[in-house]
Amino acid sequence: MAYTAGIVGAAGYAGVELVRILLAHPDFQVKVITSNADAGQPLASVYSAFSGVAEAAGLIFTTHDDPALAACDVAFLAVPHTAALAAVPGLLAAGVTVIDLSADYRLNDPAVYEHWYGVPHTSPELLADRAFGLPELFADDLERAADRHAAGAPALVACAGCFPTATSLAAAPAVRADWVAPHGPVVVDAISGVTGAGKTACARTHYCSADENVEAYNVCRHRHTPEIEQILGLLGRVVFTPHLAPLKRGLLSTVTLPLAPEAAGLTAEEAVAAYRAVYTGRPFVRVLDAGQTPKTSSVAGSNACQIGLAVNAEAGALIAIGAIDNLCKGAAGQAVQCANIVFGLDERRGLPLVALPV
């Protein structure tokens with residue numbers, strides 16, 4: 001029997017990607033889709049890609065406070081920060097497992113959240129038991145959430161953001177192996193497609209501004225900085241510069257890691273072998289051969305992450321590059337991967353393993 005699912009914020013880019021994935025999922029049945037702006041409209045009238053799809057025929061947008069959400073087995077929250085703060089406690093109290101794609105429960109310290117997001121955290125007590133939703137690096141968290149669900153209690157999963165996902169998957173094995181120098185900056189230069197900015201248009205994401213243009217933004221103040229530092233355990237050391245590129249989908253993060261003296265002789269081939277050992281059994285992470293670098297086009301439409309590694313021996317640095325689809329592995333796909341684990345399913349269930357080849 002399928003698990004019933006609600007998607008809050010289903011009309012946004014990450015939300016509608018959730019709809020696309022879950023409609024084809026063999027074990028989840030979408031029962032509720034919400035959008036305050038589109039309430040009362042059929043899904044296919046807002047996104048014509050769903051026209052004629054039988055599973056989507058009866059889906060009509062309702063408002064975020066739809067009481068039908070409380071009857072679902074799982075609620076996916078594809079909403080801006082603070083909106084999840086308002087919704088999560090009530091859903092958990094109703095016995096609904098929550099997979100949150102927003103930033104509201106990612107940071108361990110509510111004071112750090114309040115500093116970066118400028119609002120008080122209204123349910124910090126939930127942070128102690130929430131699972132961090134980056135399965136390849138926080139498997140224990142998700143196993144505990146799965147045990148909680150199996151025991152009949154709702155679980156809360158805070159999915160990692162798109163930039164932290166690509167960056168951390170690329171850098172974490174090196175950090176955890178103690179290859180990284182104990183001092184000095186770790187430099188992250190990352191490029192994302194326009195969908196990463198969300199559906200609401202602004203001057204930067206307007207076609208006339210984004211087309212034929214690449215620019216850095218939120219330099220030294222992007223809100224994903226503390227999340228990357230938290231995942232990697234590099235507090236105060238990450239210099240994160242995001243860039244916007246004229247792509248619909250795709251995210252490429254290049255991380256420059258200064259090598260510790262003990263790792264000065266590291267070769268790219270050794271790094272690749274070590275990374276592959278770390279990610280053995282993780283079907284969505286693919287470590288490329290030494291000398292190869294990942295491309296956003298090689299992961300578009302999939303839940304995969306490609307990682308490329310190179311060593312600059314003269315500068316004493318490891319260059320780790322991660323590529324993901326920001327809407328899939330960076331948002332909706334990762335959320336479904338986490339839900340699969342929490343509900344005791346194969347983590348690959350219902351998720352695209354192979355990117356669009358052309």
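Helix 3 (residues 83-93) lies across strand 4 (74-77), strand 5 and strand 7 (156-159), and runs at about 175 degrees to strand 4. Helix 5 (residues 139-150) packs on the sheet as well, touching strand 5, strand 6 and strand 7, with a direction about 120 degrees from that of strand 6. Contact here means heavy atoms within 4.5 Å. Axes are lines fitted to C-alpha atoms, for helices over the stretch in contact, and angles run from 0 to 180 degrees between N-to-C directions. Helices (H or I, at least four residues) and strands (E, at least two) are DSSP runs numbered from the N terminus.

This is a predicted model, in which local features need pLDDT of at least 70 and side-chain atom pairs count only at pLDDT 80 or more, while totals for chains, interfaces and linings use all residues. Residues are numbered from 1 along each chain as its sequence is written, and side-chain values use heavy atoms, with hydrogens and water left out.

The 7 strands form an open sheet in the order 3-2-1-4-5-7-6, with parallel pairing. Strand 3 (61-62) and strand 6 (131-133) are at the edges with a single partner strand each, so one side of each has no neighbour in the sheet. Two strands pair if DSSP finds at least two bridges between them. Strand 2 (residues 28-34) pairs with strand 3 in the parallel sense over 2 bridges, and Thr 34 has Thr 62 of strand 3 as its bridge partner.

**Asp 104**

Asp 104 sits in the loop between strand 5 (97-100) and helix 4 (110-117). Asp 104 is buried and has no salt bridge; Arg 106, the nearest side chain of opposite charge, is 8.4 Å away. Buried means under 20% relative accessible area, exposed over 50%, and partly exposed in between (1.4 Å probe, protein chains only). A salt bridge needs a side-chain nitrogen of Lys or Arg within 4 Å of a carboxyl oxygen of Asp or Glu. Residues touched by Asp 104 include Pro 80, His 81, Tyr 113 and His 121.

**Arg 249**

Arg 249 is in the loop between strand 10 (238-244) and strand 11 (251-258). Arg 249 is partly exposed, at 26% relative accessible area. Its C-alpha atom is 6.5 Å from that of Ala 300, 51 residues apart along the chain.

**Side-chain distances**

| Side chain | Partner | Distance |
|---|---|---|
| Arg 249 | Glu 17, side chain | 2.7 Å |
| Arg 249 | Asp 325, side chain | 2.8 Å |

A polar contact is a pair of N or O atoms within 3.5 Å; within protein, one must be able to donate a hydrogen and the other to accept it, and residues adjacent in sequence count only if both atoms are side-chain atoms.

Methods. Lys, Arg positive; Asp, Glu negative; His and termini not counted. Lists of a residue's contacts leave out its neighbours within four places in sequence.
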